[in-house]
Amino acid sequence: MSRTFNIRYAKERGFAFIMRLSLLICAGILTFLLVSIFVKGIGAISLEFLFTSAREFGRSGGIIYQLLGSLLMVLVAILIVVPVAVGTSLFQYAFNTKKGIAYLLEQSLYALNAIPSITYGIFGLIFFVNVLNTGISWFVGSIILAIMMLPTVTLSTYQAMTAIPKIYQENAAALGLKKSQIIRRVTLPQSLQGIVTGSLIGLARAIGETAPIMFIATAFSGVSVPRSLAEPVSTLPTHILELAQQSTDPQALQNAWGASLVLILLVSAFSLLALFARSYLRRQGRK
Amino acid sequence: MFKKFGALCLALFSAACSAPDAIYVSGSSTVLPPVSKAAEKFSAETGISVIVNAGGSGGGFNQLAEGQSDIGMMSRNITSGELEAFKTINFTEVAIGRDAVVPSISSEIYEAGVTLLSISQIADIYTGDIRNWSEVGGPDRDIFVIDKEANRGTRQVFMDVVLGDPKAEAAGADLVTGSNNEEQTALVQSNAGIGMLSVAWLNDDVRGLAIVLPNGKTIEPSIENIRAGTYPFVRDLNVVKRSDLKPSANQFITYLLGPDGQKLVEESGYIGIAN
Amino acid sequence: MRSLRGLRKLQGLRLYALACGTVSLTIVFTIIATLFLQSLPVLMAENTNLMGTHWNPGKGQFGILPMLFGSLFVMSIAVAVAFPLGLLAAIYIAETRSSKLRRVLKSFLELLAGIPSIVYGLIGVAYLNIWVADLFDLQSGRVILTAGILLGIMILPTFLTLTEDAISAVPVKFRENAKSLGLYRHEVFFSIILPQAKTGIAGAGLLALGRALGETMAVMLVIGSLDRLPKPLLNPLSSGQTITSKLGREVPESAFGSVHFSALVFMSLIIVCITVTLTIVSRYLFRKTGADV
C-alpha cells in the first residue's frame, strides 16, 4: 500500500513541477518579448524620430508620415465601420424576426473574423484595385480594415444592446414613445458603451495589420500626406516590414525597434482606452 | 449626431475630386536606391510628388502594364513573354545606368582562397552537382546556395548567363531571398554562402567573384570591366514607360537622365549611362 | 401628424438597419465568391500539375504541395510548442486563489495577444533566426523550425487565455468535492476538470490552430521561401515555404488575371476554407460548453 501511495505522490510532485515550469517558461518568453521591444526601441525614440520623415529607406530620419498614415487609415476605417455595425446590430436586435436570417448573419460575422488577413489583402487587390479600378489607394485600405473590424464592432454593439435591461424599454413604451423614438433615445445611447469599446478593440487590431494593406494601400517612399483618396500612404507596420529586411544594418534595425515600440504603444493605448471606456460608459449609462 | 457625421464624409469625399499629378514608380530593388533619392530631390525642386515602391522587376512591369503605376523600374530587359501578355501597349525601356550581377560569396570563403570561378562551376553549384567548397579550391564545407525569387530581375540576368535560361530552376538552392537587401543579409549571416548580388551591395562581408572565361582570362567585377561590358553579368538598369505617359513622369525621367540624376546613380554604386 | 412622422422615422431606421444587415451578410459571401471566381483559371487550365511538387510559374508549373506541406508542418510545430505550455500554465493560473493576481495575469496576456504580427516577425529576424542558426550550427536560421517556434509563441497568449477560461468555468464545487475526497491536484485535473473543460479546451485549440495557419508576416520573414518539400520530409532544419508566406511574397509580383495569380488565389481559398471551418467548429464547441454545465 505504501508503494502505491509513493507513486501517486511522485506523480503529484512531478505534475506540480511541470506546471510551475510551464508557467515560468511562458512568463519568461512573454516578458522577454515585451522587455526587448521596449529596451531596443527606446534607444531609437526621440522627438526627432517621432516628428521627422524617413530618409535612406528608413535607415535614418523618423517615422512621422508612417505614423500619420497609420492613424489616418484606421480612423477613417472606424468612420466607415461604425454606421454599418450599428445598423447591423439594430437589425438583429430590433428589426429582424426570422430566426434563419439571424443565425446566418451571426455565422457570417464569425466567418468574416476567421478569414486570414492576407486574404483580405488579396480580396482588396482583386475587388477594388483591379475590378473597380481604384488603383492603389489608402481609402481602399480603410475600407478593407473596416470590413476586418466589422465583426468585432458589431458583436460588441449587439452585446451591449441585449444587455440593456428590458425595464428601460418597457418604461419607455409605457410612456408612449414610438418604436423609432425608443431606438433613438434608449437603445442607441445605452449601447454606446459597446460601440466605443468594440471600436477601440478593432482599432488596436487594425493599426498593427500589415498583410491586408501592403498590396493595396501603401508605398515605400515619396508619400507624405495624401491629397486625394486614390493615393497610397506609408504605415508603421509596412515600414517595419521594410526595415526588418535590412536586419544586418544596425541603424535600420534600431529604427525598426523604435517603430515597433511606437506601434505597440499605440495598440496598448487603444486597448487601455477600451478597458476604461467599458467601465466609465457603463457607469454613465446607468444614470 | 448623424448630421455632423454626414458633413465629415462629404468633406472627405470632396477631397477625392482633386487629382494631383503625382508620379507613381515601382519595381526593381536594384534600381530603387538612385530613383528613390532622385525622387526626393525632384519633389523638392518641382513640388510634384513622386511615390516609389519596391516589389521586384516583374512586379514593376506588371503594375506598369496594368496602369497602376506610371514608371516601372527593371533591372533587366522586358521579356518576350511579358510583351506578348500586353500586346496592345507600347513600352519603352530607358536605361538610366548600368551595373552587374555579381556571384558573391561569404568573406570567409573568399579569404580562404576562392576568389574566382568559371561559369560552368557556378552552374554546377546551383544545380546541386557541386556541393562542397573543397571541390572548387576552398575549405571543406558544404556550399550554402542562396537563390532569389523567380521574378526578380537580378535572378533572371544571373540565370540567363549561368544556366542559359532566365527561368531555370536551381535544384541545389538552400534558401530563397527577395530583395538585394535580404540576399546581402543572408550572405553576411552565413560563412559558406554563395549568392547573386548587384555590385553596389558588395562589402567586406560579401565579396564578389571574378569570372574565369573558357579561354582562361579572368575578369574581375570592377567598375572598369562593368563599364566596358566585359564582365559577363553586365546589365542595364532601366526605367520603363508606356506610350501614354503623363508629362510630369516624362519630366522625372529626363531628370534621371540629367546630371543630377546620373550623379545619384553613381553615388549608389552604379555606372552612369554616359560611360 | 405625430404618428405619421414617427412611422416615417421608423421606416427610415428599418431601411437603414436592413441595408446594413444585408451588407454584413453579403460581405463574406462576396469575398469567398471573388476568391473562387479568381481561382477558376488555374483549375481549368491544363498541365499545371496543381497537386504536384514543382512550383515554377515561368514554366506554367503550379504545384502547391510544398506550400501546403509547409503550412501544415509549421502549424504542427507551433501547436507542439504552444499547447503543452499553454495548457499546463493555464491549469496553474486557474488554480490561483488570488483573483487579483489572476486579473493581472489575464490583462498581461491580453496585452501580449495584441502584439502585431510584424513585430513578431522582427523578433524572429533579429533574435530567433540567429539563435536557431547558432544552436544547430546552420548557415542560416531561416528554416521551418524557426517559423514554427515563432508561430507557437504568437498563439501562446491567446490559447492560454481561452484554455484558462475553459478550466475556470468548471464550477468550484467540483474541485472542492474532489479535494475533500483527498485527491491530488493532478488527479483532480485529469478525472474531474478535464472531462468538463475538454470542449472548451478543444475550442481554444482549434481557434489557435486557425490563427497559426492564417499568419503571414512573422512566417514570411523567417521561413526561407524555398518552394520545395524538405529532404528528408520531416526535417525542420531545412528552409521551406508556407501558403501564407508564398502569398505575401508573390502576389505583388504576379500579373493580375494570369494563371499564376489564379494559382495564388486558389491557395488562399484553401486556407480560408480551413480557417473558417475551424472557427465554426470551435464556436460549436464553445456553445456546447455552456450547455453542459
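Trainee: In what order do the elements of chain A run from the N terminus on?
Mentor: The order in chain A is α-α-β-β-α-α-α-α-α-α-α-α-α-α, which makes 12 helices and two strands. Helices here are DSSP runs of H or I with at least four residues, strands are runs of E with at least two, and both are numbered from the N terminus.

Trainee: Anything to know about the model and the numbering?
Mentor: This is a predicted model, where local features need pLDDT of at least 70 and side-chain atom pairs count only at pLDDT 80 or more, while totals for chains, interfaces and linings use all residues. Residues are numbered from 1 along each chain as its sequence is written, and chains are lettered from A and ligands numbered from 1 in the order in which they are written.

Trainee: What domains is chain A divided into?
Mentor: Domain 1 covers 2-44 and domain 2 covers 50-285; the bounds come from an automatic or database domain assignment. Over C-alpha atoms, the centres of the two domains of chain A are 35 Å apart.

Trainee: What is the radius of gyration of chain A?
Mentor: Chain A has 24 Å, whereas a compact globule of 287 residues would have a value near 19 Å. That is taken over C-alpha atoms, and the globule rule is 2.2 Å times the number of residues to the power 0.38. Along the principal axes, the C-alpha atoms of chain A fill a box of roughly 80 × 70 × 40 Å.

Trainee: And what share of chain A is buried?
Mentor: In chain A, 54% of the 287 residues count as buried, that is, with 20 or more other C-beta atoms within 10 Å of their own, C-beta atoms being placed from the backbone. For chain C the figure is 55% of 293 residues.

Trainee: Switching to chain C, then. Which elements does it have?
Mentor: Chain C has 10 helices and two strands, in the pattern α-β-β-α-α-α-α-α-α-α-α-α.

Trainee: How do helix 2 and helix 7 of chain C pack?
Mentor: Helix 2 (residues 65-94) and helix 7 (residues 185-214) of chain C have axes 10 Å apart, at an angle of about 145°. The axes are lines fitted to C-alpha atoms over the stretch in contact, and angles run from 0 to 180 degrees between N-to-C directions.

Trainee: Which residues meet there?
Mentor: Helix 2 of chain C brings residues including Met75(C), Val79(C) and Phe83(C), and helix 7 of chain C brings residues including Phe189(C), Leu209(C) and Leu213(C). By class, the contact of these two helices has 11 nonpolar, two polar and no charged residues.

Trainee: How many residues are in contact between chain C and chain A?
Mentor: Contacts take in 66 residues of chain C and 70 of chain A. Helix 1 (residues 2-44) of chain C gives the most to the chain C side, with 20 residues. That side divides into 44 nonpolar, 17 polar and five charged residues.

Trainee: And how many between chain B and chain C?
Mentor: There, 23 residues come from chain B and 17 residues from chain C. Helix 3 of chain B gives the most to the chain B side, with three residues. The chain B side has eight nonpolar, 10 polar and five charged residues.

Key: Two residues are in contact if their C-beta atoms, placed from the backbone, lie within 7 Å. Ala, Val, Leu, Ile, Met, Phe, Trp, Tyr, Cys and Pro count as nonpolar, Asp, Glu, Lys and Arg as charged, and the others, Gly among them, as polar. A residue is buried if 20 or more other C-beta atoms lie within 10 Å of its own, exposed if 12 or fewer, and partly exposed in between; C-beta atoms are placed from the backbone.
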